[in-house]
Amino acid sequence: MKKEKEVDFFPIFLTFFRISLLTIGGGYAMVPVMAKEMEKKKWMSKNDFYTLLAQSQSIPGSVAFNLSILVGKKISGLKGSFAGATGVILPPFFTIILIGALLSKFSNSPIVIGFLKGAYGAVIGLIAGILYKMIALRKWNFLEVLVGIIGTFFLILKSDYVLVIFILIVLTVWIGDKKWKS
């Protein structure tokens, strides 16, 4: 799905603003909605979107913000990046101000507590769905699967995540180096 012509600022801004406004749970909760929206508007293919998602995760910062910049840039260059980033940032900015003012008054309400618990469960489901799609779209080899299983095992057993992640990075680079030399 190649874009036929460059998309204007306002449609990109509105799309990301609406997604950010109506998606409770932040970054990863927005990803499936963004993917569906990009495909529905024919702005990019599912594979292109998930490639940009992988890239956005390697950049420090919020995944939703990073992804909105990368997707906006792919759709419409620099103005698309600005439109996407602005659209994603404005709803949480004003929501945080509003919630901060109201939460102190209603923080003990069983309705508010129940809503937050329900939203937390929905976010976990959305993140699991993203993980499944990312795993399903990737072509895996035996060593990558083995490193993933070993890493998951050690992360469950060991509380020192930094050491486990460092060892897995070294192992992955070593395996990748061997693959490139052969």
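Rings of Phe, Tyr and Trp, the last by its six-membered ring, form a pair if their centres lie within 6.5 Å. The legends below describe close-up views of a predicted model.

**View 1. Ring pairs link five phenylalanines into a cluster.** The members of this cluster are Phe9, Phe10, Phe13, Phe17 and Phe82. In total, the structure holds six aromatic pairs.

**View 2. Phe49 and Tyr50 form an edge-to-face pair.** A pair of aromatic rings is described by the distance of the centres and the angle of the planes. For Phe49 and Tyr50, the centres are 5.4 Å apart and the planes stand at 90°, and the pair is therefore edge-to-face, since planes over 60 degrees apart fall in that class. Both Phe49 and Tyr50 are buried.

**View 3. Phe93 and Phe94 make up an edge-to-face aromatic pair.** The distance from centre to centre is 5.0 Å, with 80° between the planes. Phe93 has a relative accessibility of 48% and so counts as partly exposed.

**View 4. Thr15 is a buried residue of helix α1.** Helix α1 comprises residues 9-22, and Thr15 has its place there. Because its relative accessibility is 3%, Thr15 counts as buried. Apart from neighbours within four places in sequence, Thr15 is in contact with Glu37, Met38, Lys41 and Trp43.

**View 5. Helix α2 contains a kink centred on Val33.** Helix α2 covers residues 27-40, and its 14 residues should span 20 Å at 1.5 Å a residue. The end C-alpha atoms of α2 are 20 Å apart, which agrees with that expectation. The kink at Val33 amounts to about 25°. Just after α2, Lys42 takes a positive phi of about 60°.

View 6. In α2, the buried residues are Gly27, Ala29, Met30, Val31, Pro32, Met34, Ala35, Glu37 and Met38.

**View 7. Helix α4 bends by about 145° at Ser76.** Helix α4 runs over residues 63-106 and has 44 residues. A straight helix would reach 64 Å at 1.5 Å a residue, but the end C-alpha atoms of α4 are only 30 Å apart.

Conventions: Residues are numbered from 1 along each chain as its sequence is written. This is a predicted model: local features need pLDDT of at least 70, side-chain atom pairs count only at pLDDT 80 or more; totals for chains, interfaces and linings use all residues. Side-chain values use heavy atoms; hydrogens and water are left out. Rings of Phe, Tyr and Trp (its six-membered ring) pair if their centres lie within 6.5 Å; planes under 30 degrees apart count as stacked, over 60 as edge-to-face and the rest as tilted. Buried means under 20% relative accessible area, exposed over 50%, partly exposed in between (1.4 Å probe, protein chains only). Helices (H or I, at least four residues) and strands (E, at least two) are DSSP runs, numbered from the N terminus. The expected span of a helix is 1.5 Å times one less than its number of residues. The bend at a residue is the angle between axes fitted to the seven residues ending there and the seven starting there. Contact means heavy atoms within 4.5 Å.
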